[in-house]
Amino acid sequence: MDPCQSLQDCYSDDEEDEDSSCPSIKLSLEDKARIRKPWAQSLIIKVVGKSFAFSYTMARVRSLWNPSDAIIGIDLGEHFILIKFKSDLDLNNVLNKGPWFLGPHFISTRRWEPGFQLSLAKVLTSAVWVRFPEFPVEIYDKVLLQKMGAKIGTLLKIDVQTKNNAKGRYAHLCVQVDLSKPLTAWVKVGKHRQQVAYEGISSICFHCGVVGHKLQDCPQKSPQPVQTDEGQFGKWMLAGR
C-alpha cells in the first residue's frame, strides 16, 4: 500500500511558505514516501474512559487479536499506542472484526496518519463499519461508494463483497469517524436518500467507554443540557454484525 494513499483528504502534501524566523527543511515527495512507508500498516489505539499501563494494554490486545505475525507497540504518550503490523492480514482482521473492548471499555482504533500529534488528537476518532441497508443495486459503484464514505468520515476500505457486487442486501464500508460528534444518519445520492447504520456501537458511552448507556446518560459525566433528535438516534445504529 502506498503510504501517501492510506487515508483520503486527511493531510496535504503542500509545503508551507518558508518562515524566515525558523530554519526549515523542505520535504520532497520522495522524502515523504520514504518516511511514511514504514508506518503505512499501523494503527493508533486508545482505551476510552480508562487508563491502563502500556505493557498491560499490549498484552491484552495481543490476546484479543491473536495475530499470526509479530506486532510492535510504541507508547506515544497520553495512553495512545501505535501498533505496527508485519502482516496485512492481521491489520485487516483487526479492522474487520471490531469493535474491540478491554474489559468493558471500548478501544478507539484509527489508521495511522502522517503528522499525528497528541495535542491535536481526538480521542474518539475511531474506525467503524457502516452499512447501507436496502441499497439500490445500480448504486453499487466504487466511485459513488468512495464519495459516500467521504461524506461520513475518512473512508478506509470497501468490503470485498460490496466491491464485487456479491452482497445485494446492503453495502459495507469501513470509515474513520469522530464519535464525539453527531454521526451522519443519511446520505443522499441523486434522488435516493440512503440510511447509514453503524455496527457494534449501539450502546457505547464515549465518555467512560463502557457498554450499556449513552453519553448523555453517563453517571460519570457532569449534568448539562443535551439536545438530541431522538428520531435520528433511532436510525443511527445496528445492534451488531
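This is a predicted model: local features need pLDDT of at least 70, side-chain atom pairs count only at pLDDT 80 or more; totals for chains, interfaces and linings use all residues.
**A walk through the model, from one glutamine outward**

Where does Gln-176 sit? You will find Gln-176 in strand S8, which covers residues 170-178. Is Gln-176 buried or exposed? Its relative accessibility is 7%, and buried means under 20%, so Gln-176 counts as buried.

Strand S8 also brings us to the inside of the protein. The largest nonpolar core has 23 residues, and those touching the most other members are Val-130, Phe-132, Phe-135, Leu-145, Ile-152 and Leu-173. Which elements give two or more residues to this core? They are strand S6 (125-133), helix H4 (142-152), strand S7 (154-158), S8 and strand S9 (186-189). Of these, S8 gives the most, with 4 residues. Another core lies apart from this one; it has 21 residues, including Val-61, Trp-65, Leu-91 and Leu-156.

Now let's turn to helix H4. Its buried residues are Leu-145, Met-148, Gly-149 and Ile-152. If you look down the axis of H4, these buried residues fall within an arc of 100 degrees, so they line one face of the helix. Here is the idea to remember: an α-helix has 3.6 residues a turn, so residues three or four places apart point the same way. On the other side of H4, Lys-147 and Lys-151 are exposed. And what caps the N-terminal end of H4? That is Asp-141, with a side-chain oxygen 3.2 Å from the backbone nitrogen of Val-143.

Next, how many salt bridges does a search of the whole structure find? The search finds 1. The partners are Asp-31 and Arg-34, and their closest N and O atoms are 3.1 Å apart. Both residues are in helix H1, 3 residues apart, so about one helical turn separates them.

Leu-27 belongs to the segment before helix H1, which runs over 29-36.

Definitions and conventions:
Residues are numbered from 1 along each chain as its sequence is written. Side-chain values use heavy atoms; hydrogens and water are left out. Buried means under 20% relative accessible area, exposed over 50%, partly exposed in between (1.4 Å probe, protein chains only). A nonpolar core is a set of buried Ala, Val, Leu, Ile, Met, Phe, Trp, Tyr and Cys residues joined through side-chain atoms within 4.5 Å. The arc is that of the directions from the helix axis to the C-beta atoms. A polar contact is a pair of N or O atoms within 3.5 Å; within protein, one must be able to donate a hydrogen and the other to accept it, and residues adjacent in sequence count only if both atoms are side-chain atoms. A salt bridge is a side-chain nitrogen of Lys or Arg within 4 Å of a carboxyl oxygen of Asp or Glu.
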